[in-house]
Amino acid sequence: MSRNGLITSLRRLINDEEPLETRSPSPFEQLRPRMNDIIGDGGILKEVVQPGEGPPVPENASVLIHYSGFLEYSDQPFETTTNLKYPRMMKLGRDVTLAGLEVGLLTMKKGEFSRFLLQPQYAYGEMGCPPFIPAAAVVLYEVQILDYLDSGQVDDFIAMSLVGRLQHRSETVFDFCSPPQEEQNTVPLSTLLEVVNTLRSFGNRFFNQNRYYNAKDRYKQAMTLLGNRETQSDSEKERIKTALLPLYLNISLAELRLERPHKALKYGNKALEIDSANTKALFRCGQAYLELHEYASAQCCLTSAQAQKPFDSDINNLLRKVTMCYKDSLDKEKDLYSKMFRELKGSVKM
C-alpha cells in the first residue's frame with residue numbers, strides 16, 4: 001500500500017507539466033478527475049487503486065482495514081494503521097466515526113485498495129480537529145480492506161434472545177432464569193450456521209493475534225447458540241453436531257494455550273463423542289494428558305491418532321516426547337519403591 005508518495009508524485013507531475021506563469025492545480029484538484037462521485041453531491045470521491053473481489057461490505061459489519069489519512073500538501077499521514085501488525089477489527093456504526101469513511105467502506109470489497117477524498121461535511125466538519133486537522137479541511141484517506149465479517153447478522157440474531165428475555169421478565173417477576181430461545185428457533189438453521197461461522201471467524205482472528213481469552217469466548221458463544229437450538233429432525237441434529245465439532249476443537253486448543261489442560265481435555269473429549277476417530281481431537285487430548293502427567297492416557301490417544309495419520313510429524317514428535325516422559329516417570333517410580341523396600345528391609349533387621 002502507498003503510504004505517503006501520492007502527494008509528492010502529484011506535486012512533481014504538476015511542476016513538470018504546468019507553465020510557471022499559470023496557477024498550478026493543487027494536489028487534490030489534480031486527483032479529482034480520476035475519482036468517482038459515489039453519492040452524487042461531490043462530497044465523497046473514490047478512486048479504486050486495486051480492485052477487490054466478492055460482495056461489498058454489508059451494513060453493520062466489522063472490518064479489518066489498513067488506512068492512512070492525509071491533509072493536502074502533506075506527505076506524512078495525520079493518522080495511520082499501516083505500522084500495526086494486527087490492526088483492530090472496527091465495527092461500522094460504532095468504531096468508524098467519519099461519515100464519509102463509513103459510506104466509502106460500504107462500497108468496498110475484500111482485498112480492495114481505494115482512495116477517498118472527503119469534503120469537510122463528511123470528515124471533520126467546519127471546526128476541524130485541532131491541532132491536527134484545521135478548520136473546514138478536505139482530507140484524503142487511503143484504505144485497504146483486509147477482511148470483514150458480517151457481524152450485523154450476529155447482532156440481530158443475539159438481540160432476539162435479549163428482547164425475548166426482557167419480555168419474559170416483564171411478564172414473570174419471580175422467574176429470573178433465561179427463557180427458551182423461541183425467536184431464535186424460528187430462524188432457519190442455515191441462518192444460525194452463518195452466525196456461528198461468523199463468530200468462529202472472530203475467534204480465529206483473536207486466536208491468530210494470541211488473544212486466547214477473546215478467542216475462547218467467541219467459540220463458546222457460538223457453541224451456546226448451537227446448544228440452544230431445539231432440533232426437530234435427525235438431519236438438523238447431524239448438521240449441528242458437524243458445526244459443534246470444530247468449535248470443541250478450537251476451544252480445546254485455546255484452553256491449552258491458556259495452560260488449562262483439564263478444560264482442554266473436557267472439550268477434546270466432547271469432540272471425540274461426535275467423532276471418536278478425529279485425529280485433531282485425539283491429539284488435543286494427548287496434549288492435555290501430557291500436561292496433566294497422565295502419560296499412559298496421553299500415549300493411548302496419540303497412538304490412536306498415529307494409526308489414522310502415521311506420517312504426521314506433530315503426532316509422531318509428541319508421541320516420542322510422551323514415551324520419554326512415561327519412561328522417566330516409571331523409572332522414578334521404580335527407584336522410589338526400591339528405596340522404600342530397602343528402608344523397610346533395614347528396619348526389619350534392626
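Start by selecting L226. Leaving aside residues up to four places away in sequence, L226 touches L192, L193, V196, I240, A243, L244 and L247; a contact here means heavy atoms within 4.5 Å. Before going further, note that this is a predicted model, where local features need pLDDT of at least 70 and side-chain atom pairs count only at pLDDT 80 or more, while totals for chains, interfaces and linings use all residues. Numbering runs from 1 along each chain as its sequence is written, and side-chain values use heavy atoms, with hydrogens and water left out.

**Stop 1**

Buried means under 20% relative accessible area, exposed means over 50%, and partly exposed is in between (1.4 Å probe, protein chains only).

In soluble globular proteins, nonpolar side chains tend to be buried together.

**Stop 2**

Select α7. Its 17 residues should span 24 Å at 1.5 Å a residue, and its end C-alpha atoms are 24 Å apart, so the two agree. The expected span is 1.5 Å times one less than the number of residues. Show side chains for Y212, A215, K216, Y219, A222, M223, L225 and L226, which are buried in this helix.

Zoom in on the start of α10, where a side-chain oxygen of N278 comes within 3.1 Å of the backbone nitrogen of K280. Then look past the other end: α10 is followed by H293, whose phi is positive, near 60 degrees.

**Stop 1: the paired strands**

Switch to a cartoon view and select β1 (residues 36–37) with β2 (residues 44–50). These strands pair in the antiparallel sense over two bridges; strands count as paired if DSSP finds at least two bridges between them. D37 has L45 in β2 as its bridge partner. The two strands form a hairpin with six residues between them, and G40 in the turn has a positive phi of about 95 degrees.

Six bridges join β2 to β8, and the two run antiparallel. Pick out E47, whose bridge partner in β8 is R115.

**Stop 4**

Select H66, in strand β4 (residues 62–71). Is H66 buried or exposed? H66 counts as buried because its relative accessibility is 14%. A polar atom of its side chain lies 3.0 Å from the backbone oxygen of T81. This is a polar contact: a pair of N or O atoms within 3.5 Å, where within protein one must be able to donate a hydrogen and the other to accept it, and residues adjacent in sequence count only if both atoms are side-chain atoms.

Finish by selecting Y67, F78, Y124 and Y141, which ring pairs link into a cluster. Rings of Phe, Tyr and Trp (its six-membered ring) pair if their centres lie within 6.5 Å; planes under 30 degrees apart count as stacked, over 60 as edge-to-face and the rest as tilted. By this rule there are six aromatic pairs.

Y67 and Y141 form a tilted pair, 6.3 Å centre to centre with 45 degrees between the planes. Y67 lies in β4 and Y141 in β9 (residues 139–149), so the pair ties together parts 74 residues apart in sequence. Y67 counts as buried at 13% relative accessibility, and Y141 does at 0%.

F78 and Y141 form an edge-to-face pair, 5.9 Å centre to centre with 90 degrees between the planes. F78 is partly exposed, at 22%.

Terms used
Helix = DSSP H or I, 4+ residues; strand = E, 2+ residues; numbered from the N terminus.
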